[in-house]
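Biologist: I have a model open and a few questions. Can you walk me through it?

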Amino acid sequence: MRPRNLWRRLRRARAQPIRRESERTREVDLRITRTLFEQVRLHVEDFSRGEEAGFLICGHGALHDRDVLLAREWHPVPASELNRGAEGSVLAWSASFNSEILERCLELDCTPVLVHSHGTANPRFSGDDRARERPLFGAISRITEPLPTGSLLLGSGDAIGSFWVDGANDRRLGRLIVIGQSIESWPASDATPGAPRTGTRLNRQTLAIGPASEEKLATATVAVVGISGGGSHAIGQLAHQGIGTLIAVDDDTVDESNLGRLIGATEADIDTTLKVDVAERVAAGVDSSMRVVKIPERFPSPASIEALRGADVIVSCVDRLDSREAINELTRRYLIPLIDVGMSIRSNGERLASADGQVIASLPGWACLRCWFLTDADLAAEQRDAPAGYDRNADATGAAQVVSMNGVLASEACNCVLDLVTGYSAGRRGALVWQYEGRSGHLEPCELPTRRPACPACAQEGHGDPPSNRERKD
Ligand SMILES: [Zn+2]
Ligand SMILES: [Zn+2]
């Protein structure tokens with residue numbers, strides 16, 4: 001579509017009456033990688049020529065309780081397009097630039113977010129901002145609908161947002177989430193702060209990693225997929241660490257053989273209790289205020305996808321390569337850090353022949369599992385030798401496992417989560433991959449490979465919901 005046609009559509013959309021501003025209740029989170037966010041800040045926080053602005057082009061996820069925008073591209077408004085006011089404040093830029101941005105959004109099935117800064121903490125939109133926003137996003141939102149579009153004003157560690165859908169200005173910023181080797185969560189400056197945590201349960205951990213950690217952990221959502229082996233250790237440790245919301249995904253019921261490795265399972269659970277119920281019991285036993293979302297289904301069922309899209313971090317403890325591939329793809333689409341835990345034990349019947357495990361922190365912008373060891377050939381071989389559902393066969397023998405070795409890997413995975421959420425290491429953790437050799441007890445940090453240019457999962461970074469999930473006006 002040519003920009004000129006787009007601009008005609010914009011003008012037509014503007015001629016329609018703006019819907020009455022209802023109470024802005026539904027929240028919009030915006031996720032962005034640190035690398036892209038640094039480019040944005042470098043531009044909009046440079047006031048040498050006056051105020052600056054630009055557009056983030058974002059993918060979108062429609063969660064049941066909020067929208068998530070996923071920043072993909074940054075387009076600063078070029079100096080040549082700007083008309084500055086007397087004191088350097090931005091008053092306007094050319095209509096053709098808006099048209100270019102909108103065309104790029106339609107091309108990528110994305111939506112635009114205008115970003116600027118006043119250089120102050122606790123930011124509030126000015127009268128000029130409001131006056132500019134109403135005709136611009138009132139019109140654009142009729143074209144990007146059902147995707148929200150709008151304006152984001154950066155503060156310093158906080159931000160404020162105003163979002164529009166189909167001519168109605170009814171959404172506000174929830175959190176701005178910046179994803180690097182740690183996750184920075186910028187709260188909305190117009191939000192009512194929650195009550196601080198009281199009690200002494202995390203005192204010893206707070207002594208180690210600082211007083212700000214409790215609040216960060218309390219507002220974090222961490223998912224664990226596969227809670228039979230390593231995942232059950234992770235659930236217990238995450239509960240003790242003070243994570244606010246845990247999502248547990250597993251479709252199995254406890255059987256007798258699980259008592260050898262499922263932390264928290266008891267004899268009374270055999271053949272009667274779902275593993276997610278064990279997880280809830282363990283977590284609630286540590287902290288009854290913790291929210292536990294149970295998904296007694298196998299990923300990628302619709303309910304599990306729905307729940308995982310809202311996680312800040314996903315810990316994957318699944319055995320199968322196809323499950324790992326699906327989780328890896330989801331974490332790329334929605335810009336979610338993934339901690340993958342895997343262990344492979346071989347025995348000669350009497351003794352361990354080998355026990356190789358790894359913990360991989362796969363972050364948006366870095367190499368993913370598909371860039372590396374999840375190859376088409378291995379996925380095809382798994383499909384041939386052990387098709388999906390194979391493990392439900394009564395004759396299927398599960399993989400060899402040792403509870404204490406699972407525990408080593410799960411502990412390191414929980415250190416990864418703790419560092420991602422609180423930034424306790426200040427970027428000094430030194431690796432994103434740890435190799436474990438269970439026979440010798442050797443745990444070693446290793447180099448992450450570089451990204452594979454043709455990686456099919458990385459190609460979907462920030463894409464959010466597939467287009468078939470939504471209908472757009474045209
Ligand atoms: Zn402003
Ligand atoms: Zn990749």
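Biologist: Which residue stands opposite Asp356?

Modeller: Glu437 in S17 stands opposite Asp356. This is a predicted model; local features need pLDDT of at least 70, side-chain atom pairs count only at pLDDT 80 or more, and totals for chains, interfaces and linings use all residues. Residues are numbered from 1 along each chain as its sequence is written, chains are lettered from A and ligands numbered from 1 in the order in which they are written.

Biologist: How many bridges join S16 to S17?

Modeller: 5 bridges join S16 (residues 352-362) to S17 (residues 433-437), and the two run antiparallel. Strands are DSSP runs (E, at least two residues), numbered from the N terminus, as are helices (H or I, at least four). Strands pair if DSSP finds at least two bridges between them.

Biologist: What order do the strands take in the sheet?

Modeller: S13-S12-S11-S14-S15-S16-S17-S18, 8 strands in an open sheet with mixed pairing. S13 (291-295) and S18 (442-446) each have a single partner strand, so one side of each is left without a neighbour in the sheet.

Biologist: Which helix packs on the sheet?

Modeller: H12 (residues 403-422) does, touching strands including S11, S14 and S15. Contact means C-beta atoms, placed from the backbone, within 7 Å.

Biologist: New topic. Where does pLDDT stay under 50?

Modeller: Over residues 18-23, for which the model has 8 contacts beyond four places in sequence. pLDDT is the predictor's confidence in each residue, from 0 to 100. The chain's mean is 90, and 90% of its residues reach 70 or more.

Definitions and conventions: Two residues are in contact if their C-beta atoms, placed from the backbone, lie within 7 Å. Axes are lines fitted to C-alpha atoms, for helices over the stretch in contact, and angles run from 0 to 180 degrees between N-to-C directions.
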